[in-house]
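The following note comments on the model shown below.

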Amino acid sequence: MTTVSASGTPATPSARLTDGFQLVVDALKANGVETIYGIVGIPITDLARRAQASGIRYIGFRQETSAGNAAAAAGFLTARPGVCLTTSGPGFLNGLPALANATANCFPMIQISGSSNRAMVDLQRGDYQDLDQLSAARPFAKAAYRIGRVEDIGRGVARAVRTAVSGRPGGVYLDIPGDVLGQAMEAAAADATIWRVVDPAPRQLPEPEAVRRAVRVLAEARRPLIVLGKGAAYAQADEAIRNFVERSGIPYLPMSMAKGLLPDSHPQSAAAARSLAIARADAVLLVGARLNWLLGHGDSPQWAPGAKFVQVDIAASELDSNQPIAAPLVGDIASVMTALCDAVAAHPITVAAEWTTELGDRKSRNDATMRERLAENPHPMRFYNALGAIREVLQANPDAYLVNEGANALDLARNVIDMQLPRHRLDTGTWGVMGIGMGYAIAAAVETGKPVVAVEGDSAFGFSGMEVETICRYRLPVTVVVLNNGGVYRGDEAAAGASGSDPAPTVLNAHARHELIAQAFGGKGYHANTPSELRSALVEAIASQGPSVIDCQLDPAAGVESGHLAGLNPASAAAPPAALSAGG
Ligand code: ADP
């Protein structure tokens, strides 16, 4: 380390110097980081410039939460940590919801924030944007580190990379005070402080006895079921998963972000008979899926009383978090599923024909109902009719990525739009968070170069809508479809009481022309009133390979309060069911 005097001159006058900014860039590059998502400002503006100059792509956002969401989605898609860069204080705080969301979803990301002078912050002397960022980040991250000396930058980055992707992935916060970024160091000595993390997410093999136990539980079951979660999608173990599903013959249910691991048209998919599959299964193999609220915590009556659970997870602490796990399989999904494949090859499992027939009958009935709904053509349009048009276009574009958020826009799109390829669907995930839309869409376009279609409720779109400017600035192949029913849930609620002319709390502007946002920034805008207008706008928008927004005008009376989560809404849970289904 230096030997730099207070004036910044090196002790050896001829020594070549580098500084903290450059070392962060060098350390990220050494660890394969190709893109940084962020917003510049004090003290990290030069970090973004240097990153760009040295060949890292820098994508500049309009709000840090979206930049963080993009980094998280990049982590999910690539299984390498996505990097978000923010300023100190408020910029840092804006990044935190995304960091927390990444951690909740088990997506690897690193939020790097510049911070104020420690001596000022710790004595609360009132520095510019001062905040004890390290302490603030800790509860929201898998881990939080601060780099206090220029010679620790390589170590800090290596630690962040290792922590983000190893074991259960998650969000890591890396705090770098501005004065550390500005510190100088002799370049030759600095090189030795940077290293590339070797095998950042090592395989974890399951115990052979654990594999035998799991196969026994599944083989003894009369109605076995596999549940694939987004951990299974993240693991990029597509072939091992498909082999096990097909070799065992066990019906499977994909969680929303696991759709496409096997094509949704696969004959073993029980997605169209989801409630029956859950209610009747007597042994359930969970692969990268947690028994959290999204699976009713594994409780009866949603699940059959006495159902046995087999769980594959890299985090042993996840097991028994909700239900007893009869056969724990701790390890990485690729290794565990390969071991399970080998085990069923040696001891085949036979799935009873009554079980597959029972599920098949329910699937046919539900598929017929879905077809009827999609065939309706009401004026104004409702969710199903719009989604039917989107489904058709996406079926013809299987490599397009689908981003999806909203209440009804999410619940219904998940059921209507089939996925054919793994990791092509990104949505609100474990938290059901709104505002991920544009950040996820930008990351999907940047990381894959493929077309992206974001299907957004009009309320959900509002949380990150300004990022349409980012999409236009980088000319990304993103089409945003705003399902505009003019409200949170729906747009036809009358204001209560003496509120004068104020709209009801759930009401937005049903006449809003969201497509004009795209036009304002040089993208294309479309307005669709019918499924056929929507279909042709979407075909044209995808073919343009550029940015577009389609405002899709829906009936303000379409939609139900809280979407499929009425049971979690204390007010609607108490209301008679008819009130909930009135919106269709
Ligand atoms: P979903 O919401 O789709 O049900 P979750 O996010 O609840 O999925 O579950 C994902 C699970 O996958 C987490 O418990 C996480 O620990 C686990 N996981 C993530 N990556 C791996 C991996 N490579 N191998 C094994 N388990 C993994």
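1. Gln124 is placed in the loop between α5 (118-122) and α6 (133-137); helices (H or I, at least four residues) and strands (E, at least two) are DSSP runs numbered from the N terminus. With a relative accessibility of 69%, Gln124 counts as exposed. Here buried means under 20% relative accessible area, exposed over 50%, and partly exposed in between (1.4 Å probe, protein chains only). Between the C-alpha atoms of Gln124 and Val480 there are 45 Å, and the two residues are 356 residues apart along the chain.

2. On the basis of the note: this is a predicted model, in which local features need pLDDT of at least 70 and side-chain atom pairs count only at pLDDT 80 or more, while totals for chains, interfaces and linings use all residues. Residues are numbered from 1 along each chain as its sequence is written, and side-chain values use heavy atoms, with hydrogens and water left out.

3. In the model, residues 20-135 are 51% helix and 17% strand, with end C-alpha atoms 23 Å apart. Residues 211-340 are 32% helix and 19% strand, and their end C-alpha atoms lie 6 Å apart.

4. Which residues are closest to the ligand? Arg168, Lys230, Arg290, Asp313 and Ile333 are the closest of the 19 residues that surround the ligand, where a residue counts as near if one of its heavy atoms lies within 4 Å. Helix α11 (residues 230-234) supplies the largest share of this shell, three residues.

5. A polar backbone atom of Gly288 is 3.2 Å from an oxygen atom of the ligand. The protein covers 96% of the 580 Å² of accessible area that the ligand has on its own; accessible areas come from the Shrake-Rupley method with a 1.4 Å probe, and for residues only the protein chains shown count as cover.

6. Although Arg423 is not a glycine, its phi is positive, about 55 degrees. A polar atom of the Arg423 side chain lies 2.7 Å from the backbone oxygen of Ala233. The side chains of Arg423 and Asp238 are joined by a polar contact of 2.8 Å, a polar contact being a pair of N or O atoms within 3.5 Å; within protein, one must be able to donate a hydrogen and the other to accept it, and residues adjacent in sequence count only if both atoms are side-chain atoms. Setting aside neighbours within four places in sequence, the contacts of Arg423 (heavy atoms within 4.5 Å) include Phe76, Leu77, Gln236 and Tyr401.

7. Gln236, one of those contacts of Arg423, is in the loop between α11 and α12 (238-248). Gln236 is partly exposed at 40% relative accessibility. Its phi is near 50 degrees, a positive value in a residue other than glycine.

8. One joins Ile42 and Pro43, with omega about 5 degrees, and Pro43 lies in the loop between β2 (35-38) and α2 (45-53). The bond from Ser300 to Pro301 is also cis, with omega near 10 degrees; Pro301 lies in the loop between β11 (283-287) and β12 (308-313).

9. Helix α15 (residues 353-375) has 23 residues and reaches 32 Å from its first C-alpha to its last, close to the expected 33 Å, which is 1.5 Å times one less than its number of residues. Its buried residues are Trp355, Leu359, Lys363, Met370 and Leu374. Among the elements that cover these buried residues are β9 (224-228), α13 (274-280), α16 (383-395) and α17 (408-416).
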